[in-house]
Amino acid sequence: MRIFYASDTTPNSSFQSNLWRNNLYQPLVDLGHDVIEFQYELRETFQNLDISDPKQRSFISRNRPKVSKELLRQIKAAHKEKPVDLFFSYFYDACVMPEAIDEIKAMGIKTVNWYCNGSYQLHLVSNISPHYDWCLVPEKFRIKDYLKIGANPIYCQEAANPKIYKPYDLPVEFDVTFVGQAYGDRPAIIKHLLDNEINVRVWGWGWDKYSSEAKAKKDSLLHNLRGCTSRVCKKFLKTAGWKVEGTENQIPAENKESSIALPASMLGGVLTDEQMVKMFSRSKINLGFSTCWGTDEIGNRILQVRLRDFEIPMSCGFYMVEYMEELEEFFEIGKEIVCYTDKEDMVNKIKYYLKHDDEREKIRQAGYKRCLQDHTWHKRFEMAFHEMGMNNLVDLKITV
């Protein structure tokens, strides 16, 4: 197929990564498709996605027509040169005008949008989704919600590219590690592991704010400002998230997680894509969390299959993640990956597998074999294209 592809390199605007280029664009090329990439700098677009924010809304209103106009110009040029079969995007409402998608379809080009934050941010694609021919959806429980807004969803779970996520012959240096952003219940769980004498290390965006040293400095500064009554001090405290009532300043209850303090020595910064994959080989146990950033309408934790659930086993790392039923569709629990049900179960299983090297190695190798066999993006796309009725694929054996 001839595919016109449009996306930023990563959905994580806070740091540089080639996450989606490695996992979406490259497998399409590997499969033998003629892939034309949208030549447009989308980073600022992906940094302004929330139309409810006045500043971002202003940017979106100016930027979205520009992106749409250039997208149509490039697609028309590519289509004129040689017919394009499919427009494949990772777009939010903020990226493109719905009318632009309609115009692409009017050229006889099929359209599909991949999006993986629908578990808690479906509203950010609810405007454009009904205009695509299909939406690739990894959150099974959101399928019905896509249907409600008039979209045509296809269940397509996440995966990993074996050319990127692969084992490295490196010394195993760490007992337990987690690579990922610091949010939700993650800091509290990591603190629980430390309290139970588990030697855990973390890397990723946001962990630095939980450093005991950084917290001590912040607490000292805010303590010195408690008695301040000037307008400037009150403004500062409000900006910092403190409640100001006369001369009394209190930390609001929702900021209770800020009381978590972790040793700076166990906190690492953001890793490059390659450093992250290598870390999976440097660790005896790689942790995963099944909760996403937000909660549902009544405040319950939202669990979902994550990209990391495939990245770590594909890199031949031993993987331990919170149990959720959907994981059983992709792995044999206890034989290919290990799951925990709560913090105490997590502690017990970590201690067990740190003492049983042979069992850990057997599970690690089995998870790697399963991912190579069943959980590549190449297989996911083959299945999705088959369901879309676009079967004119180039069947290539992907070597790793």
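These are my notebook entries on a predicted model, from the whole chain down to single residues.

**Ground rules**

I number residues from 1 along each chain as its sequence is written.

**Entry 1: the whole protein**

I looked up the overall make-up and found 14 helices and 16 strands. Helices (H or I, at least four residues) and strands (E, at least two) are DSSP runs, numbered from the N terminus. Of the 400 residues, 52% count as buried; buried means under 20% relative accessible area, exposed over 50%, and partly exposed in between, with a 1.4 Å probe and protein chains only. The protein exposes about 19100 Å², and carbon and sulfur atoms supply 50% of that. Accessible areas come from the Shrake-Rupley method with a 1.4 Å probe, and for residues only the protein chains shown count as cover. I also checked contacts (heavy atoms within 4.5 Å). Among those with a separation of 6 or more, residues 24 or more positions apart account for 69%.

**Entry 2: the six-stranded sheet**

In what order do the 6 strands of the open sheet run? I read S11-S8-S7-S12-S15-S16, with parallel pairing. Strand S11 (267–268) and strand S16 (338–340) are the edges, each pairing on one side only. Two strands pair here if DSSP finds at least two bridges between them. One pair I followed up is S12 (residues 283–288) with S15 (residues 319–322), parallel over 3 bridges; there Leu 287 stands opposite Met 320.

Next I looked at the helices on this sheet. Helix H7 (residues 186–195) lies across S7 (174–179), S8 (200–203) and S12, at about 155° to S8. Helix H12 (residues 343–355) lies across S7, S12, S15 and S16, at about 150° to S16. Axes are lines fitted to C-alpha atoms, for helices over the stretch in contact, and angles run from 0 to 180 degrees between N-to-C directions. Helix H10 (residues 273–282) has Met 276, Val 277, Met 279, Phe 280 and Ser 281 buried. Those buried residues pack against S7, S8, S12 and helix H11 (308–314).

**Entry 3: Leu 193**

I picked Leu 193 in helix H7. Leu 193 is buried, at a relative accessible area of 0%. Which residues touch Leu 193, leaving aside neighbours within four places in sequence? I listed Ile 198, Val 200, Leu 287, Met 346, Val 347 and Ile 350. Glu 344 is 151 residues from Leu 193 in sequence, yet their C-alpha atoms are 9.2 Å apart.

**Entry 4: two helix pairs**

The axes of H12 and H13 (residues 357–374) come within 5 Å and cross at roughly 100°. H12 and H13 are therefore roughly perpendicular; angles under 35 degrees count as roughly parallel, over 145 as roughly antiparallel, 65 to 115 as roughly perpendicular and the rest as oblique. Tyr 352, Tyr 353, Leu 354 and Lys 355 in H12 meet Asp 357, Glu 359, Arg 360 and Ile 363 in H13. By class, this contact has 4 nonpolar, no polar and 4 charged residues. Ala, Val, Leu, Ile, Met, Phe, Trp, Tyr, Cys and Pro count as nonpolar, Asp, Glu, Lys and Arg as charged, and the others, Gly among them, as polar.

Helix H3 (residues 54–81) and helix H4 (residues 98–106) pack at about 10°, with axes 10 Å apart. That makes H3 roughly parallel to H4. Ser 68, Leu 71, Leu 72, Ile 75 and Lys 76 in H3 meet Ala 100, Glu 103 and Ile 104 in H4.

**Entry 5: strand S5**

I found both faces of S5 (residues 134–137) covered: Trp 134 and Leu 136 on one side, and Cys 135 and Val 137 on the other, are all buried. S4 (residues 110–114) runs parallel to S5, joined by 3 bridges, and Asn 113 stands opposite Cys 135. S6 (residues 153–155) also pairs with S5 in the parallel sense over 3 bridges, with Val 137 opposite Tyr 155.

**Entry 6: positive phi**

Most residues other than glycine have a negative phi. Glu 197, in the loop between H7 and S8, has a positive phi of about 60°. Glu 197 counts as exposed, at 75% relative accessibility. Cys 316, in the loop between H11 and S15, has phi near 65°. Is Cys 316 buried or exposed? Cys 316 is buried, with a relative accessible area of 4%.

Definitions and conventions: This is a predicted model: local features need pLDDT of at least 70, side-chain atom pairs count only at pLDDT 80 or more; totals for chains, interfaces and linings use all residues. Side-chain values use heavy atoms; hydrogens and water are left out.
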